[in-house]
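Q: I would like to learn how to read a model like this one, feature by feature. Could you walk me through it?

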Amino acid sequence: MTYEIKSIGSSAFWFILPCLFVLALTSLYPIAFGFAVSLTNWNWGVQLDFVGLANYVGLLGDSEFWTVIKNTVVFAAAATSIEIALGFYLAVQVDKLSIPTDLIRAVIMLPLMISGIVVALMSKVMFDPFLGVVNYLIGAFGFGPSAFYGAALTAMPSIIAVDVWWQTSFVFIIMLAALRGLPKDPIEAALVEGASNFTIFWRIKLPMLRSLLITVVVIRAIDTLKVFDIVFGTTGGGPGLATEVAQTFVYRTAYSYQQIGKAMATMILFSLLILAISLALQGLRQRWEADK
Amino acid sequence: MSAAAAVSRRYRLTARLSQAWAYAFTGAMVLFSLFPVYWVFATSLKTKRDGLANPPLWIFDPTQANYLKLWSHDTFKFTFLNSIIVTGIGVALSLSIAIPAAYVIVRMKMRGRRFFGAWLILAYMLPEFLFVLPMFSLYQWTGLYDTHAGLALMYQVHVLPLSIWLLSSFFGEIDFAIDEAARMEGATHWQILTKIYVPCSLPGVAATAILNAIWIWNELAIAIGLTFSRAQTVTLGVTSFRGYAALDWGAMTAASIIAIVPMLLFAVVAQKHIVKGLTLGAVKG
């Protein structure tokens, strides 16, 4: 399916050169330069000394850094698992409906079209401790009122809830398309044999969707680990450090405290964590595929 | 009544129950998705006093005052305009770079293909500030800081990988025999790409453009790091209303609604494209 290399060699090069150039400029250069900066005490200004691994050593011994990492992982794990469970379950339910579902899908997709910062501001109106409609609604069922973003205990669950509202439809859309794309024959054969819907789902549909499901988990895990907008727009990391996550922490370190060396060291360590998590999930998928 | 009929009746009953539950659950999720958007829109139509009423008002006298006030808010209008420009440049740039690159990947033998694939995944998955902080100083030195072009260029780190995955899967659907024939007739690769590949996969190109536009329009972290005033995007325009949270919900909610209207229109007009793009992106990525 491919041309011989000698006939296309040069045009292939010119076709892909702009891509290589732009990717190198926007990803390789920042990583290389950023790593160099992480070995200094640069403050964006004249202070610039080589400090070796001092930034890394300092971070690893700093309890604030570990709190930030813990918050980020807790947020990502909770948001990803709820979104996967809810989005997949919703896709299974919508797949059962015997009416046209385009409009339903469009409405459920709505939150996904909204920018994170707008989602954050919307949630501030809804979650207002005194005048917000959410406290009013849960009050009608005898709960609350809750301080939501205002208290250390409820701030993180509130942000997780906001991300669930925002991103669950991503899982839903992909899993619905996958459910509809499943081959009909094995399912019909099982129905003829008298298998229940429950059995068909767990024994036939789920195994066929497992690999895609892991991919969606990886995408959501990476995306939630990188969370910035909805934390920045709601709590800004507070109260105290209750919701400070990696990217808001780095933003503060770099732009408010001008500790660019420390900020870059944090980003490098955090990138390694993201890499490790996605490689682990990828390995899980390969093991499962080998099992099949 | 035969045993078989009893079984089939019980089966029909559970099937009907499961249908009813599916409708109920879907309905609840539709409400869950819609209600916050409705509520924020309603708040944007309330006077300041109605907006801050306790308990919340469900029925009120709508007013356009918040939107009129926003219309005279020059900074916000300016950021909205900036977002249109940056999104336009960003999408044009991504398509003109990714289309030839995707063609190479689909139809040509390339050394270092696996390496290139891994590079795309890395660029796509690493956190924004890893790239933004070093670029901040480069942009300061080169004068790209706080410009539309500089911002649109930086967005490529995310939209290029996605575009290449999507476009190469759309290009891959084209029958190889067609361009084989064109090559026999002496067509160059450039002609094959522009006369066959792009026209044949126009819906795919549109889906890619739409997903890129949505991503760029909604992006905050890169914009906050690389702009200051001249090139501030609408997400930053909305951010400037953050401090109003306790005081004036009208302005904040009206700004939010205006900022999301273009994307909601997209969702209505191009739902099929968006769904196709998201789905393929997940499969390829």
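Q: What is the mean pLDDT of chain B?
A: pLDDT is the predictor's confidence in each residue, on a scale from 0 to 100. For chain B the mean is 87, and 95% of its residues reach 70 or more. For the complex, the predictor gives an ipTM of 0.88 and a pTM of 0.90. This is a predicted model, so local features need pLDDT of at least 70 and side-chain atom pairs count only at pLDDT 80 or more, while totals for chains, interfaces and linings use all residues. Residues are numbered from 1 along each chain as its sequence is written, and chains are lettered from A and ligands numbered from 1 in the order in which they are written.

Q: How many helices and strands does chain B have?
A: Helices (H or I, at least four residues) and strands (E, at least two) are DSSP runs, numbered from the N terminus. Chain B has 14 helices and zero strands.

Q: Why is chain B described as more spread out than a compact globule?
A: The radius of gyration is taken over C-alpha atoms, and the globule rule is 2.2 Å times the number of residues to the power 0.38. Chain B has a radius of gyration of 25 Å, well over the 19 Å that the rule gives for 285 residues, so it is more spread out than a compact globule. Its C-alpha atoms fill a box of roughly 85 × 75 × 30 Å along the principal axes.

Q: Which domains make up chain B?
A: Domain bounds come from an automatic or database domain assignment. Here they give domain 1 (3-44) and domain 2 (69-284). The centres of these two domains of chain B, taken over C-alpha atoms, are 36 Å apart. Two residues are in contact if their C-beta atoms, placed from the backbone, lie within 7 Å; on that basis four residues of domain 1 of chain B touch six residues of domain 2 of chain B.

Q: How many residues of chain B are in contact with chain A?
A: 76 residues of chain B are in contact with 77 residues of chain A. Helix α1 (residues 3-44) of chain B gives the most to chain B's side, with 15 residues. That side divides into 56 nonpolar, 16 polar and four charged residues (Ala, Val, Leu, Ile, Met, Phe, Trp, Tyr, Cys and Pro count as nonpolar, Asp, Glu, Lys and Arg as charged, and the others, Gly among them, as polar).

Q: Which residues have the most contacts inside the largest nonpolar core?
A: A residue is buried if 20 or more other C-beta atoms, placed from the backbone, lie within 10 Å of its own, exposed if 12 or fewer, and partly exposed in between. A nonpolar core is a set of buried Ala, Val, Leu, Ile, Met, Phe, Trp, Tyr and Cys residues joined through C-beta atoms within 7 Å. The largest core has 157 residues, and B:A101, B:A102 and B:A255 have the most contacts inside it. Helix α7 (residues 148-171) of chain B gives the largest share, 15 residues.

Q: What is there to notice in the backbone angles?
A: Most residues other than glycine have a negative phi, and most peptide bonds are trans. A:W44, in the loop between α1 (5-37) and α2 (54-60) of chain A, has a positive phi near 75°. A:F148 also has a positive phi, about 50°. With 25 C-beta neighbours inside 10 Å, A:F148 counts as buried, whereas A:W44, with 15, counts as partly exposed. The peptide bond from A:G238 to A:P239 is cis, with omega near -5°.
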